[in-house]
Amino acid sequence: MTDSSGESALAFRCRALSVDLGVGEARRRIIEDLDLEVPRRQFLCILGESGVGKTTLLRVFGGLVDATADSVLELNGERVVGPPQGAVFVFQNYAASLLPWRTARRNVELGLEATTSKAARQQRVTAALRQVDLADHADDYPWQLSGGMQQRVQLARALAVEPDLLLMDEPFGALDAMTRENLQVELRRIQQTSGATVIFITHDVDEAVFLADRIIVLKGKPASIGIDVMSRLPAERDQVRTKESPEYLELRHRVYEAVSRRSGGGKE
Amino acid sequence: MGFGLVLWQIFASPDVPYFPPPIEWLRALAALWTSGKLVPAVVVTLSDFAGALALSIVIGSVLGILLGRSKLLDRLFGPALEFGRTMPAGAMVPVAVLIMGYTSSMTLAVVVLTSFWPILLNTRSGAQRISQDRLDTARVLRLSWWETQYKILLPSVLPSIQLGTRTAAPVTLIIVLLVEILTQVSGIGREIAMQQSMFRSAPVYGLVALTGVMGLIVNWLISWAGHLTRKYDPSAANGSEQ
Ligand SMILES: Nc1ncnc2c1ncn2[C@@H]1O[C@H](COP(=O)(O)OP(=O)(O)OP(=O)(O)O)[C@@H](O)[C@H]1O
Ligand SMILES: [Mg+2]
């Protein structure tokens with residue numbers, strides 16, 4: 001969010017990152033020796049076959065899971081221990097993450113209640129709801145909203161804390177194609193205006209190519225970075241024109257090949 | 001049931017003292033009322049009941065959340081729970097009397113120790129079922145420990161607490177009466193025991209019928225409260241454990 005440091009400033013950095021999961025005998029290495037630097041304002045998509053460790057990696061980034069002791073993990077130059085200030089996670093399972101006894105507005109407010117005065121809070125919540133186009137549904141309960149709207153409430157809740165870093169784990173995975181495409185456009189627009197760094201996990205190559213400034217494919221057991229490519233698409237994205245552009249098709253081709261080489265026939 | 005009472009009224013013989021007709025029950029109750037004994041007894045029983053149930057809800061839900069959310073505590077106290085929940089209230093009365101004497105706090109202790117179990121067990125299993133994503137949400141939004149307890153955990157287990165309370169409420173009333181009958185300290189139970197020791201069957205039947213009516217009202221109140229929170233979280237109206 002701090003403009004002064006410019007495009008090239010690092011938001012997020014990890015070096016020699018390894019992650020072990022499981023207890024006792026079943027403990028094994030999921031991610032090994034991963035180096036990654038994410039500049040501010042970058043929209044990074046992470047792809048990889050099911051079970052490769054995408055969710056695990058994102059949970060480590062979000063401070064929800066610990067990496068091994070010698071791993072280096074920093075957000076804005078500070079070591080990540082526990083969920084860091086300035087990073088917010090958006091869960092795939094919006095139904096579990098939203099509180100059913102709170103209205104949309106009160107859900108969005110949740111992360112601000114202990115830190116922000118009531119007036120400032122109202123203002124930020126209203127702004128966040130407007131950003132995701134839900135101002136008219138502020139007083140609805142989650143179960144009165146469609147899946148796509150509920151996911152937008154979760155997004156608004158993340159935006160309300162004005163994060164530097166948005167960590168999104170297949171946030172649109174449970175939505176229908178139409179809703180999904182609309183939300184992709186919205187998310188891309190929000191990211192551009194808010195200036196947040198986004199790390200976005202998906203199964204869907206088209207989604208990744210459409211959204212990303214940069215794409216990483218995870219592969220192997222334990223997982224590490226397979227390919228790491230920059231997008232040459234313009235910052236503004238459009239479901240029709242972007243997807244017809246040669247840059248889009250070329251990138252899609254490359255990423256598809258990288259993904260399917262591992263999983264033997266990249267589906268989804 | 002009403003029909004049964006009518007038949008009883010018609011066929012009961014005034015010569016047999018063990019089965020007085022229902023009209024006699026009412027007359028006996030009316031007599032107790034005018035002698036000024038009925039109202040204080042009902043008040044004592046109801047307030048013991050309400051106090052014990054409130055205490056059970058507090059103890060049961062706090063312990064239930066703690067045990068449901070801490071594997072360590074659950075492993076430590078799990079076996080003791082299995083033992084404690086099967087302990088019959090009647091067996092506790094002599095011990096409680098020894099320790100606390102014939103007092104109303106003794107009544108409260110015995111009743112609470114029996115009736116908080118269903119609330120504890122339901123709350124514990126409700127707390128165990130809270131989804132990881134919901135708990136992670138609290139962490140990611142950097143809620144404090146205390147905020148997490150009352151903004152996330154407590155509302156999440158509220159339907160379970162309520163379910164446990166529905167099971168506990170009738171038990172609570174029964175145990176209050178049982179302790180009153182056994183110890184004859186106060187309340188409706190004491191009246192029942194005293195009338196019974198004087199072989200007056202009509203007041204005994206009348207008082208027992210009165211407790212039945214109280215039980216019905218309690219059940220009705222609890223299920224009415226259930227409808228209130230169903231509105232608040234329609235997704236959580238499932239799953240229970242005795
Ligand atoms: N708590 C755990 N203990 C041990 N192993 C685990 C644990 N959680 C996940 N794993 C293993 O770690 C690997 C990576 O899991 P992860 O959920 O990160 O995959 P993913 O790439 O997100 O998959 P998907 O695309 O299906 O969501 C899997 O092989 C899984 O079996
Ligand atoms: Mg995953």
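1. Asp133(A) sits in the loop that connects helix H4 (118–131) with helix H5 (147–160) of chain A; helices (H or I, at least four residues) and strands (E, at least two) are DSSP runs, numbered from the N terminus. Asp133(A) is not a glycine, yet its phi is positive, at about 65°. With a relative accessible area of 56%, Asp133(A) is exposed, where exposed means over 50%, buried under 20% and partly exposed in between (1.4 Å probe, protein chains only).

2. The model is a predicted one, in which local features need pLDDT of at least 70 and side-chain atom pairs count only at pLDDT 80 or more, whereas totals for chains, interfaces and linings use all residues. Residues are numbered from 1 along each chain as its sequence is written, chains are lettered from A and ligands numbered from 1 in the order in which they are written, and side-chain values use heavy atoms, with hydrogens and water left out.

3. A positive phi also occurs at Glu162(A), again a residue other than glycine, with a value of about 50°. Glu162(A) belongs to the loop between H5 and strand S7 (165–169) of chain A. Its relative accessibility is 44%, so Glu162(A) counts as partly exposed.

4. Arg121(A) is part of helix H4 of chain A. Because its relative accessibility is 12%, Arg121(A) counts as buried. The side chain of Arg121(A) lies 3.3 Å from the backbone oxygen of Thr116(A). Apart from neighbours within four places in sequence, the residues in contact with Arg121(A) (heavy atoms within 4.5 Å) are Glu109(A), Leu112(A), Glu113(A) and Thr116(A).

5. Turning to the overall form of chain A, there are nine helices and 10 strands. For 268 residues, a compact globule would have a radius of gyration near 18 Å, and the 18 Å of chain A agrees with this; the radius is taken over C-alpha atoms, and the globule rule is 2.2 Å times the number of residues to the power 0.38. The C-alpha trace of chain A spans about 50 × 45 × 40 Å along its principal axes.

6. Of the 268 residues in chain A, 53% count as buried. Where contacts in chain A link residues at least 6 apart in sequence, 69% of them join residues at least 24 apart. Chain A exposes about 11,900 Å², of which carbon and sulfur atoms supply 47%.

7. Ligand 1 is surrounded by 15 residues (a heavy atom within 4 Å), and the closest are Ser50(A), Gly51(A), Lys54(A), Thr55(A) and Thr56(A). By class, this shell holds three nonpolar, seven polar and five charged residues. H1(A) provides the largest share of the shell, three residues.

8. Which residues place polar atoms beside oxygen atoms of ligand 1? A polar side-chain atom of Ser50(A) is 2.5 Å from one ligand oxygen atom, and a side-chain N or O atom of Thr55(A) is 2.6 Å from an oxygen atom of ligand 1. Val52(A) contributes through its backbone, with an N or O atom 3.3 Å from a ligand oxygen atom. The protein covers 62% of the 640 Å² of accessible area that ligand 1 has on its own. Strand S2 (28–39) and helix H1 (54–61) of chain A are the elements that give two or more residues to the shell.

9. In chain B, helix H10 (residues 187–197) has buried residues that include Ile188(B), Ile192(B) and Ala193(B). Just after H10(B), Phe199(B) adopts a positive phi of about 55°.

Definitions and conventions:
A polar contact is a pair of N or O atoms within 3.5 Å; within protein, one must be able to donate a hydrogen and the other to accept it, and residues adjacent in sequence count only if both atoms are side-chain atoms. Accessible areas come from the Shrake-Rupley method with a 1.4 Å probe; for residues, only the protein chains shown count as cover. Ala, Val, Leu, Ile, Met, Phe, Trp, Tyr, Cys and Pro count as nonpolar, Asp, Glu, Lys and Arg as charged, and the others, Gly among them, as polar.
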